[in-house]
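Subject: The two-chain model, and what turned up in it

Hi,

Here is the structure I promised to pass on.

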Amino acid sequence: MSAGIAPVSLARERLNVALRSSTLIAGLAILTFWIVCALLGARIAPQDPYADNLLATLAPPSPAHWFGTDQLGRDILSRVIVGARDILIVAPLATLLGTVLGTCLGLCIGYLRGALDDVVSRVIEAVQALPLVIVALMALAAVGTSNTTVVLVIGFVFTPLIARTVRAAVLVESDLDYVAAAQLRGDGALAIMFIEILPNVLPIAVVEMTVRLGYAIFFVASLSFIGFGIQPPSADWGIAIAENYSLIGSYWWTVLFDAGATASLVIGVNLVTDGMSSVFET
Amino acid sequence: MSAAPAASLERPDALRIEHLDVVYRIGVRELRVLSDLCLTIRRGESYGLVGESGCGKSTAAFAAIRYLARNGRVSGGRILVDGRDLMALSPGELRRLRTQSVSMVYQDPARALNPSLRIGRQMAEVFEAAEGLGPAASLERAAQMLSRVQIAGPERVLKSYPHELSGGMQQRVIIAMALSTNPALLILDEPTTGLDATVEAEVLELIGRLHAEFDNSILFISHNLPVVARMCDRVGVLYAGELVEEGPAASVFREPRHPYTVGLMRCIPAFGRRKNHGRLSTIPGFLPAPGSVVGRCVFEGRCGNATERCAREAPPLVDLGGRLARCFYPERAQDLPRQSETPAPPATSAPAGTSAPPGTSAPPGTPARPLLRTRNLSKTYQVSGKSFQAVHQVAIDLDAGETLGLVGESGSGKSSLAKLLLGLSVPDGGSEIEFAGEALPARAHDRTPAQLKALQIVFQNPGSALNRSQTVRRLIGRSLRRAGLFGRARETRLRELAASVRLTPRHLDEKPRQLSGGLKQRVGIARAFAGAPGVVVCDEPTSALDVSVQSAILNLLVELQNEQHVSYVFISHDLNVVHYVSDRIAVLYLGRLLEIGPSESVFSGPHHPYTEALLSAIPSLEDAAVKRIRLTGELPNALNLPSGCVFHTRCPRKLGEICERQEPPLHPAGEGHAIRCHIPAAELGQRSSSRVSDRSS
């Protein structure tokens, strides 16, 4: 039926779908909120997130401290706002690194095939069989933990996962005639991979990236919780949960708001992922 | 089935569509794809619905079983199947109607069968659902149905999975399933479009026979006019969602009364027509967007007969005595001026000279040597330990400016041969490919830029051939850059090239998805011609296109050949098309050359028995009741080739043991004409004509 329909540019049509997708809008709203918190941090926090007040430790939520205070009497609302920063730097950077490396690797093995593909694909399968947290823990224990090493380790751990998805898409593209046409024109493998095929698999890589971002946030929070992720004195949510979870029975507010913040961020990212995939399907 | 017809004296019409409007919701817009469609299919009648893609044929079919796409909606009118109003049925009644009164056969049999269920299971389901039979009884009925559709050894087929059957066999299974419940109405949506000509002929014959036997009504949807002419009692022509003409098939095709029908019929290359007889007719312009034409005739923009009145008011369907036409001037329809696009603008006439300074590609004035020459060209694939010869010792010579047509059923090795020539797959050792007297490296990767430029391809599927993320400018421009053009020179050449394939500058900034199939194919052609090639392989370049677009593309290819003296290897399953464009024709069967020779000799005979069968399978408008030579059986499994002559298992003229033991050599049969058969050429020539009439009973 589409033969006679007046052509509309793809970008424009996608924008229309995006604007009508309530999942995407809701997800973006949540994400924007946390990004604003991460960017402005201490400037919008009602109180100094790092200031102890030993006279008001473990105070329940009240008009003075909306989310209560922690063991050192620090304002939890302020700490939750400021705590968005590190995770929103580390997780996206790690995902980006994994996506870039994974896309390049997927393009190479998917287009070149042969022995390279056989070997790399087996390695990828082997990596996937291991629990990723354990792999990351061992790597971090070996190289020492810092925001940079967390980014690198999670990036490398994600690379094979993304490579696998991209490879599958590249296999489909490689069978299309435009690739043969490029070969007949004399284009080299690099040009065919990065100029011809890459733009067509990019939507898949981008959707995969947002899926991974949700995992990455969870991953970073888990690592921080067990002490191998973001390090104190950061007001990171994972650290806060680790410091206070033993108090959860009597002082629920010390854990609940940080946990809720982590959860809402993951949910926000997942909503965006769902919205994006429906946009790219058009 | 049982309760309804008791009340009325006469059984109701199988399908009655009254003033049907169907709209599709696209984004926020609603597009009207069918408007005011009225048609009636009487009991036992076969009705053909024809038109090009996008005209609403399939929408009409899906509306008739109330199975429109999710964004589609019947916005007006009534549909009565077997006398029952489809829109008034409850879900349960609708389900019963679909199981008992109406069946549908789709275009692609492979996608209509569940790949993970055996045929027996799938067929038995029909009886279990429709008649409540047990599994054993259902299987028995399935076997009976299979023998009614002339499947030999139904037990074996019942135990097979769909992928183990050939396309023709799958389609027969589907037809058997559709007829299982003896429906009042059978809808066939392009049932033979994906099949080879010989198989198509066989399936059509089967449908015709079953129609007589079961006496159900048929709605036959096709873009192929000769097929409809052969199969149907009455025919309706759809254009842009409107029925523009309807009447008895014989009179509509003999004396069409609507200019669109006239145009469509003229687009089909007539049997025996050649490129030097002149250009093919086309229908200029494009199908209007659905619902965009209001208050005037839908065909007005493309009609050579249109007058002011056609632009002012929409013509009604006029009754012309037993037939209808939606035109103010039905009597003038056949005087429609012949239209073929204007010849190329002069700016493009000398691209080879201006653009390719090295001049290595097409050496003019060396007629002694063929431009492209293959000897011993073979390709063997290893499939699960067995070897499979896709191409076997093919020897072909191609002169400059010549077109070699390559014909054969699917699986005959046509496309494999094309890939070998282009270097996209590597031939077996001992194969030789020469271009302009020089041996060509086997792999495209190892060829020099000049050699690459010299050998190009136009692909079958324009959708897959163009990178969807690039604009037309970039698509063609990248090839020009390879040809050593930069900056202003490249832009100038780009515009010339685009103009020579009739793309306007506006198209240059569009992406493939914004172009129609025909325009995409033009971009593909422009890309192939970017480096002033010596040989262009055209791999079924028009099989994905509508007939009116096909004729425009064929005209373009012929014109480019006249201008640039390029050679074509033209692959097609449509023999009329091959005959139109080709100077010489090669017939392939299971990777072997069975016959090669000048077009005229191959068509007029003596022919190889296989060529003879292919020729007789061509459906034609002129002679609807063609006498046919039927090929028995299916293409043999390529993994297990027949001994001796590969064709002996299906050959209607098999001599005897010699055919099974010894592979015949290519015997000369006239000038430049050779046939691979044990029967002497003289005898083939004598018997071919009488043979055709022998079978007329």
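Helices (H or I, at least four residues) and strands (E, at least two) are DSSP runs, numbered from the N terminus. Keep in mind that this is a predicted model, where local features need pLDDT of at least 70, side-chain atom pairs count only at pLDDT 80 or more, and totals for chains, interfaces and linings use all residues. Residues are numbered from 1 along each chain as its sequence is written, while chains are lettered from A and ligands numbered from 1 in the order in which they are written.

Strand 3 of chain B

Strand 3 (residues 46-50) of chain B pairs in the parallel sense with strand 9 (residues 234-239) of chain B, over 4 bridges. Within that pairing, B:Tyr47 has B:Arg234 as its bridge partner.

Is strand 3 of chain B buried or exposed? A residue is buried if 20 or more other C-beta atoms lie within 10 Å of its own, exposed if 12 or fewer, and partly exposed in between, with C-beta atoms placed from the backbone. By that count 5 of the 5 residues of strand 3 of chain B are buried, so the strand is largely enclosed by the rest of the structure. In a regular strand the side chains alternate between the two faces of the sheet. Here both faces are covered, with B:Ser46, B:Gly48 and B:Val50 on one side and B:Tyr47 and B:Leu49 on the other.

An open sheet in chain B

Chain B also has an open sheet of 4 strands, in the order 2-1-4-5 with antiparallel pairing. Strand 2 (29-41) and strand 5 (84-85) of chain B are at the edges with a single partner strand each, so one side of each has no neighbour in the sheet. Strand 1 (residues 15-26) and strand 4 (residues 72-81) of chain B are joined by 8 bridges, and B:Ile17 is the bridge partner of B:Ile79.

Two helices side by side

The axes of helix 7 (residues 167-179) and helix 8 (residues 197-214) of chain B come within 10 Å and cross at roughly 15°. Axes are lines fitted to C-alpha atoms, for helices over the stretch in contact, and angles run from 0 to 180 degrees between N-to-C directions. Angles under 35 degrees count as roughly parallel, over 145 as roughly antiparallel, 65 to 115 as roughly perpendicular and the rest as oblique. Helix 7 and helix 8 of chain B are therefore roughly parallel to each other.

Chain A has 10 helices and 0 strands. Its C-alpha trace spans about 80 × 50 × 30 Å along the principal axes, and 43% of the 282 residues in chain A are buried.

How many residues does each chain give to the contact? Chain A gives 20 residues and chain B gives 33, where two residues are in contact if their C-beta atoms, placed from the backbone, lie within 7 Å. On the side of chain A that touches chain B, helix 7 of chain A supplies the largest share, 7 residues.

How values were computed
Two strands pair if DSSP finds at least two bridges between them.
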